[in-house]
Structure formats: structure tokens, C-alpha cells
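Morning, everyone. Please look at the model on the screen, and then I'll walk you through a few places in it.

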Amino acid sequence: MSDHHSDLRELYQEVIFDHNRHPRNFHAMKDASHTADGHNPLCGDQLTVYARIEDGVVQEASFVGHGCAISTASASLMTEAVKGQPVDQVEALFRDMHAMLTEAHPEERDFGKLEVLSGVREFPARVKCATLAWHTLHNAIAQARDTARTE
Amino acid sequence: MNAPIRMDSAAGLLDSAADFPILSRPIKGRRLAYLDNGATTQKPLAVIQAESDFYAQSNANIHRGVHWLSQHATDLYEQGRESVRQLLNAARSQEIVFTRGTTEAINLVAYSWGRMALKEGDEILISGMEHHSNIVPWQLLCEQTGALLRAIPVTDSGELDMDAYRTLLGPRTKLVGIAHVSNALGTINPVGEITRLAHEAGAKVLIDGAQAVAHQTVDVQKIDCDFYAFSGHKLYGPTGIGALYVRYDILKDMPPWQGGGDMIYTVSFERSTYADVPQRFEAGTPNIAGVVGLDAAIRYVLSIGLDAIAAHEQILLEHGTQELLALPGVRLIGTAANKAGILSFLVNGIHPHDLGTILDTEGVAIRAGHHCAMPLMTRFGIPGTARASLALYNTQEDIAALAAALRKAQKLFGTEHQ
């Protein structure tokens, strides 16, 4: 197997397939306090992220939409990761995820399950797939009214 | 510079890949199967050499210098115009305006002819399978003039609904703008019939030929259209150069759209008068080397013969269609009876974008996405497709590589039995 094929295996790990086939927290949220739409105009990926934030803590997070395996799995993993987290820690995680996917792995951060997304870095054309949900959640928290863009 | 016509006589296929240097370059350690020709085609050595030779031997500005090189460069540039005339079988070379590509050509028509000819309440009729470049310029024009944009619906097989077209055509229709070949579906539209009906209704016709000129013989006099646009880079030529054909009796009365050098007759601060056509539409120093490269590309294509190229791509299209449909869970989007070499498809359980990445690691280059045809994707209720698009240098080996890579993707995703 060439390096390119091991890169591909790194990108498409079993956890990604699992979350693509069975996305977690994949539903609209009626009592969401924060919501935002995300759209990647290049590939047509579209999602809506919901969060119920109380006392500065993300009590619930969910999403709906359609996209590739990477974007769906990233959104699914994200909703699991941020649940129960204080907003400022979610924002710090957003920044670290962005760094992990685009630049270098922040040394001090243990990403836990989210680590499976790090293979994306070897596929620059796919980075936006993985970051879309995170940008969208970030916008929801910032209460940005505009559709999030990965551009 | 005529390329010898090499045929694999048993299969009736062309054998031209050796003319294209990039095709021998491995990608990620794999033989490149370049199937993204709808986006852009690769360039034969003849084109690369022509551009290089121009800068090494012939470079000067055109239409103004008294020195020898300037006249020489002007001759090469105008020879390029004559080549385009020949490619399209236009009646005269003055009917050819050089542009940056199809997009600029359509914008030129919308800006110059459109603003002159359209008024509030008029209608522009396009189709549901247009590329954004044949939608958005008309929307801009409608905003400026108060004209209305309407679209001919597309059938489930990806053909134009001709009955609906006849109904939509009316006395208010001033322009019909249609893709000759759909970039997302491969459908070859009946542009002759479309033009005849439009002219009966008193409308002008623009044909977007971006996906047609490299793949079949085009004859603007036979089609009888008023405007025909194409890009050089989809015709084995350089990027940044294309052409617009406009019937002379229309072109001669069209106002300029960009002002500057080369497009004027006289200039004073009170008033300028404009050059004759086609120079009136070529303000500023044009892409001279691009025209030289395009000229070489046209000569290359004509030396092989567009009918031979069309036949070659038809064989590969049929073979590719069979290979794709032999895979489980593959659905073709665009199954028109009259189709060019474009395979747009969906694979059950695998998003087109994931397919694109996996195929890339196998050296198979395809396009994934909405193909700049969002309304068409909406029509089919899909976010996008995977698209393999053919060119004269593709081979049965490329089709086999595509099918093998798709099998690998299905195995990776565990969907090989779906």
C-alpha cells in the first residue's frame, strides 16, 4: 500500500463511517437558544446547527442537513463533544480544531474522539468539509445571523 | 504541424495521448486517468509550443506598431480569428470577437446587445440545465431593463421539454439562450430546431458552446443561431481566451461594452467614435499569445477531425455507461438519447465529494459538486453529482481505472453489496 492509501485510511477511519451512517444528535431542536445555517458553496454541503445554551453552558447540541462523510461525521462528533461544555471552552475547542485541521496539531490539547478528523489535514480540498459544522456552531454562539461560510 | 491521425483500427478509437505531455505524469504514484475534461482539457505539445514560440519569436503589440514584429504579431492574431471562423464555419471572420472565454462572451452579449434590445416586459428564455454563466448575466440584465427571465423545464432523462419550450416562446421573447451540450448531464440539445422556433417567434438565439466545440462539428450557419460562445481551454487551448460569434448584421449595430485603446476610431474629450467590428469589442491589448495558442489548438483538433473525435468519445461513453451501470447502486443523472461524453452519476451511500477524494488517490481525476448548475441539481433533488467527462485522448484504460476506483470506494465504504 502506498502512502497515499494509508492517508486515505487515516481520513476514512471506522469512526467516520460510523458517524456518517448513524449521525448522533441528528435532529432539529425546538427549544434551541442558538441556531445558525452553514453552507459550503463549492460542494453544496448544507447544515443547520442548534444549541441550547443555559448559564453559559451548552446543554444540548444538534444538527440537520446533508453533506459528505467528512462533514457529516465532523458535525456529529462535534455535537457530542460540546454537550455539557461551557461556551468559552467550546470556543477554545473551535479555535484548536481549526488549527488542528489546517495548520498543526496544538500540542497541549487532547482531542479525544475528535482526533479521527486530523487525517483531513493531508487533503487540503477537504478541510472545509470538516470545518463547516464548527464554523456554523461558532456563528450560532456569536448569534451571527448570516449563513456561515467556509470561504 | 499536422498531427498524424493514429487510430486503434480494431476498436475505431483514436490514440492521441502521447501528444499531451501531462498525461505521462504520474499522480500520487498512479497513472493519471484524466476525466475532468468538462472543467478543462489538457494541452497538446503543439499548443504549449505555439505559445512559447510566440513569446520567443513573435511577441509585439498588435494593430498599432509600424515595426515588423508588430505586423507579424497582428498577422498571427488575425490568423487565429480566421481559424475560429473556420472552426465554427462562420460566413466571415469579422463575426468573431475574442473574449476571455464563454463567460465573458455571454456577458458581452448581455451588456451590449441586451441593454440595447431589451426593455421592460420583454422575456429572456433560457433552460433549466444552464451553467451559471448562462443564467447570471441575464439576471443582471433583467435587473437593469425590467425584462423577465424564464426557463424551459428539463425532463427526467435530462432533455429539454420541447413542448414546454413552444408554449413559453411568445411575442415577448427577445432572446433564447441555450447550452449546446449540458456540462452537468451531457445532453446534446437540438439547437437547430430551437433556433428555428425562436426565429419564428421573432427572438434571437445565443448558444453556449463551451461543452460542444471540442467534441463535435459545429456549424453556426447551419444552426442559424445569432450568437455562439466558447472557451479555448475546453478545446485543448490556453486559459483566458475564448470567442464569441455574432451574426454580422447584428454585430455591426451593437454598441461597445468596454472602452479603451484599439476599440476607437477617433477620440476627443467631446466625443469618441468607435472602430468597426470586431475591434469595437476588443478594447485594450488582448490575449495575443492566447489567440496564438487557441489557433494551434484548433489546427490540432481539425487535423484529427471533429467527426473522428466525436466517434471516439461516443465509443468510450457507451463503454463507460455500461461499466458504471454494472456497479451496484449507481444512478446516472442525464440519460438523454443524444448525449456527449459526460457521465454524471451518484453512488448509493457515498457522497460525490468522498468519491472524488477516493478516486483521486487512484489517479482518477473527476469533478464532484453542482457543476455550476445549481438550478439543475435542485430540479433533480440532489446536492450534486460525480462527473467523469471525456476528451479525445481518453482510452478504454481510463474507463477501466474509473470503474476499478469506484469498486474500491464501495469496498472502503462497505457499500459494495447495496
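Let's start with B:Thr378, which sits in helix H12 of chain B, residues 374–380. Keep in mind that this is a predicted model.

Is B:Thr378 buried or exposed? B:Thr378 has a relative accessible area of 63%. Exposed means over 50%, so B:Thr378 counts as exposed. Now pick out B:Ile207, which is 171 residues away from B:Thr378 along the chain. The C-alpha atoms of these two are separated by 23 Å.

Next, the pockets. Rolling a probe the size of a water molecule over the atoms shows where empty space is left.

The largest pocket has a volume of about 490 Å³. Its lining has 21 residues. Nearest the centre are A:Ala125, A:Arg126, B:His353, B:Thr357 and B:Ala368. Which element supplies the largest share of this lining? That is H11 of chain B, with 4 residues. Strands S15 (364–365) and S16 (367–369) of chain B each supply at least two residues as well. By type, the lining of the largest pocket has 10 nonpolar, 5 polar and 6 charged residues.

On to the second largest pocket, with a volume of about 360 Å³. Here 23 residues form the lining, and the closest to the centre are B:Thr103, B:His131, B:Ser231, B:His233 and B:Lys234. Helix H3 of chain B, residues 102–117, gives the most to this lining, with 3 residues. How do the lining residues of the second largest pocket divide? There are 5 nonpolar, 12 polar and 6 charged.

Note on methods:
Residues are numbered from 1 along each chain as its sequence is written. Chains are lettered from A and ligands numbered from 1 in the order in which they are written. This is a predicted model: local features need pLDDT of at least 70, side-chain atom pairs count only at pLDDT 80 or more; totals for chains, interfaces and linings use all residues. Side-chain values use heavy atoms; hydrogens and water are left out. Buried means under 20% relative accessible area, exposed over 50%, partly exposed in between (1.4 Å probe, protein chains only). On a 1 Å grid over the protein atoms alone, a cavity is a set of points where a 1.4 Å probe fits but cannot get out, and a pocket is an open set with protein on both sides within 12 Å along at least five of seven lines; lining residues have an atom within 4 Å of a point. Grid points are joined across faces, edges and corners, and a volume is the space filled by probe spheres set on the points. Ala, Val, Leu, Ile, Met, Phe, Trp, Tyr, Cys and Pro count as nonpolar, Asp, Glu, Lys and Arg as charged, and the others, Gly among them, as polar.
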